[in-house]
Amino acid sequence: MSVVDMLGKAGVVPVIVIEKEEQAVPLARALVGGGLGVLEVTFRTKAAAGAIAAIRREVPEAVVGAGTLLTAEQLRAAKKAGAAFGVAPGFDPAIIEEAKGEMLPFCPGVATASELSQALTAGCPMVKFFPAEAAGGPKMIKNLLGAFRFTGVKFMPTGGVTAGNLADYLAIPEVVCCGGTWVVPKDALAAGDYAAIEKLAREAAQLVRSIRG
Ligand code: 3PG
């Protein structure tokens with residue numbers, strides 16, 4: 001199955017900020033247990049690469065990608081740790097080239113028609129629409145699709161997506177999945193409340209099923 005297919009099957013991709021590497025495995029087990037099998041571990045903390053490697057080792061049923069890849073070093077570290085895909089909040093041709101060299105499926109961030117156009121020229125068939133709610137939400141995606149649908153572009157909206165507005169995004173056929181932090185609340189993770197996280201994951205997975213029928 002391609003990465004895009006796996007993302008599409010998941011519908012929701014938890015965007016994870018891990019402070020301590022030892023949180024990675026119980027967190028991944030809670031998310032997978034709740035029914036969310038594709039995870040994005042962000043390179044906003046030093047624990048990211050170790051967390052990805054630990055999840056690969058201990059929770060092999062999870063598909064784990066790397067997020068917030070802003071530098072070539074981070075991208076190489078993500079690949080080395082075993083990330084299945086990479087995501088960035090913005091469009092940076094240098095990172096896209098690095099991802100190609102590392103053979104890492106990569107989803108750059110776009111928020112405008114110009115960035116989307118450049119992403120397609122750079123050979124990226126799927127983009128992260130970020131910050132989704134602030135950049136115009138589902139309405140903006142539909143407007144972009146008016147001009148770009150024929151290219152076959154796919155979207156992963158992230159930023160301000162919650163259980164409350166997920167349906168509006170997933171109703172758009174070109175939206176493969178949505179990313180979001182709402183299934184991994186900072187407080188619950190800090191407290192080690194993996195049961196609460198599993199419950200949120202289960203609710204999100206059920207929501208995806210009910211939206212898509
Ligand atoms: C991201 O990194 O993709 C966003 O910060 C996630 O946005 P959210 O916290 O609104 O879900």
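**Ligand shell, helix packing and backbone features**

User: Which residues are around the ligand?

Analyst: This is a predicted model, in which local features need pLDDT of at least 70, side-chain atom pairs count only at pLDDT 80 or more, and totals for chains, interfaces and linings use all residues. Residues are numbered from 1 along each chain as its sequence is written, and side-chain values use heavy atoms, with hydrogens and water left out. With a residue counted as near if one of its heavy atoms lies within 4 Å, the residues around the ligand are V15, R44, K128, F130, T158, G159, G160, G180 and T181.

User: How far from an oxygen atom of the ligand is the side-chain N or O atom of T181?

Analyst: Polar contacts here are pairs of N or O atoms within 3.5 Å. For the side chain of T181, the distance to a ligand oxygen is 2.5 Å.

User: At what angle do helices α2 and α10 pack?

Analyst: Two packed helices are described by the angle between their axes and the distance between the axes. Helices are DSSP runs of H or I with at least four residues, and axes are lines fitted to C-alpha atoms over the stretch in contact, with angles from 0 to 180 degrees between N-to-C directions. The axes of α2 (residues 24–34) and α10 (residues 194–212) are 7 Å apart, and the packing angle is about 35 degrees.

User: Which loop holds P131?

Analyst: The peptide bond from F130 to P131 is cis, with omega near -10 degrees. F130 is also one of the residues around the ligand. Strands being DSSP runs of E with at least two residues, P131 is found in the loop between β7 (126–129) and α7 (137–148).

Technical notes. A polar contact is a pair of N or O atoms within 3.5 Å; within protein, one must be able to donate a hydrogen and the other to accept it, and residues adjacent in sequence count only if both atoms are side-chain atoms.
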